[in-house]
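Visitor: I am new to this structure. Please show it to me, and then let me ask a few things.

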Amino acid sequence: LKFVPIPQAMAQVASPLVGGHEGLPIEPPSVQDLVRRSVKRTYDMFAGNFQLPVPEVPQAQAAKLRIKMHDEYSWLANDPDPVVAASAAPQTPAPEGQARPTAMSRMIDEVAVQQPQLPRNMQGVMQLAPVPEEGSQAPNTGTRALSHISRPTAIPRPVWHPPWKLMRVISGHTGWVRTLDVDASNEWFVSSGSDRLIKFWDLASGTLKLSLTGHVSAVRALKISDRHPYLFTAAEDNEVKCWDLEQNKVIRNYHGHLSGVYSLALHPTLDVLMSGGRDATVRVWDMRTKVEVFTLGGHTGAVTSIASQAAEPQIISGSMDHTVRLWDLAAGKGAVTLTNHKKSIRAMEVHPLEYTFVTCSADHNKVWRCPKGNFERNIDGHGSILNACAIKEDTDGSSILVGGADNGTMHLWDWKSGYKYQSIEGRVQPGSLSAENGIFAMTFDKSGSRLITGECDKTIKIYKEDPDATPETHPIDWKPPRHRGRF
């Protein structure tokens, strides 16, 4: 290298830049020049490979695939019950008309077969395993086939049930019939409603046996005790009364509700009474001492239905606030709140044999699994407000669900499949308005052979199964639904 001396004039010009002394000013480049320079550099950098595919780096693609598999499927690595997976099948050339395998698919196959060594920070990555074909037996590789994680439950085929027909119409009330219950002896039943009269009817003949009065407002709920000679009634006068059926008079009053009482339930094994009403509370009473054991608060609307069972949850309540609450009776507080419904819950029933219960609303009838209230399935097809429901268990193990609608129509479903096999459109009695066509209460008798409904036209209707119906005269017209709601 040969050093050339800088001329004296140039040194005088450059000296201010180095030493900071005063000299000739230097103009900074303009913004336009900087933009043009940047555009030129960008063009020189990217114009050569514009619109060309990015070259694949096998090591980077394999690392990306292993990281994704680790993030999504690492929970399968320590599964206690792995599913047997098949070994990699030999690759065969793709037949004519089919697309050739892509680089990604080849890489997945290579990862599944070769199982490359991973870095220390990637130990425990779950490798993909091919799924064995049906009927084939594969060796145990310690991996789990990804397609066996979850499968949708199959919808069972509906069981044929004979249709129901009207058997008897009983007139006697002078107001809406709001509530019904059948005695354990299956010889008589009780009804009441807006006329405030509690009427006892002979179940076989339909004749009136006795009338009791004591409430000053419409009676909304009544229950007959299976363990004591007691009848419990609740009305819109904020009163819950206990009647002694041996003396036919009121022996206890349960005071505490701040507004009308709409629902009642009796515990099957304990001397405990539950009531719910417009004050949005569920009150638990000691049947004998009239002491209010618990006041279960949490609902924000009127409690329109209560169910009770011996197993957990011992109290279930449905409200106009669109929620269903499961209560812990021992602790006296709520356990689970179910918010799947979008409409008010006006009816509820516990299945007599299964560990399930159903809640009926205008949007769906929902079946829940106890004790946590896990949602199982929807039963649809009513398209109206349901005020009452009942479940009947048949001798062959099948069940039916019956719902009474606000427009006077009664719907009958097969319990397992949710197939609606019959709808009975009610007819009002002569002298009533067509708008009085509505069902407010329903219950089966203890044998399950008769269905009793209380209606808006002031009548009580009794239905029975059609003895002449056969699967040939009333065939099942069922198609499995394409979509089954998850909620």
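Visitor: In what order do the strands of the open sheet of 4 strands stand?

Guide: This is a predicted model, where local features need pLDDT of at least 70, side-chain atom pairs count only at pLDDT 80 or more, and totals for chains, interfaces and linings use all residues. Residues are numbered from 1 along each chain as its sequence is written, and side-chain values use heavy atoms, without hydrogens and water. Strands are DSSP runs of E, at least two residues, numbered from the N terminus. Pairing here is antiparallel, and the order is S22-S23-S24-S25.

Visitor: Why is one side of S22 and of S25 left without a neighbour in the sheet?

Guide: Strands pair if DSSP finds at least two bridges between them. S22 (386-393) and S25 (420-425) stand at the edges, so each has a single partner strand.

Visitor: Which residue in S24 stands opposite Ile-400?

Guide: Strand S23 covers residues 399-405, and S24 covers residues 409-414. The two run antiparallel, joined by 5 bridges. Opposite Ile-400 stands Asp-414.

Visitor: Is Val-39 buried or exposed?

Guide: Val-39 lies in helix H2 (residues 31-46); helices are DSSP runs of H or I, at least four residues. Buried means under 20% relative accessible area, exposed over 50%, and partly exposed in between (1.4 Å probe, protein chains only). At 52%, Val-39 is therefore exposed.

Visitor: How much of the protein is buried?

Guide: The protein has 487 residues. Its buried share is 44%.
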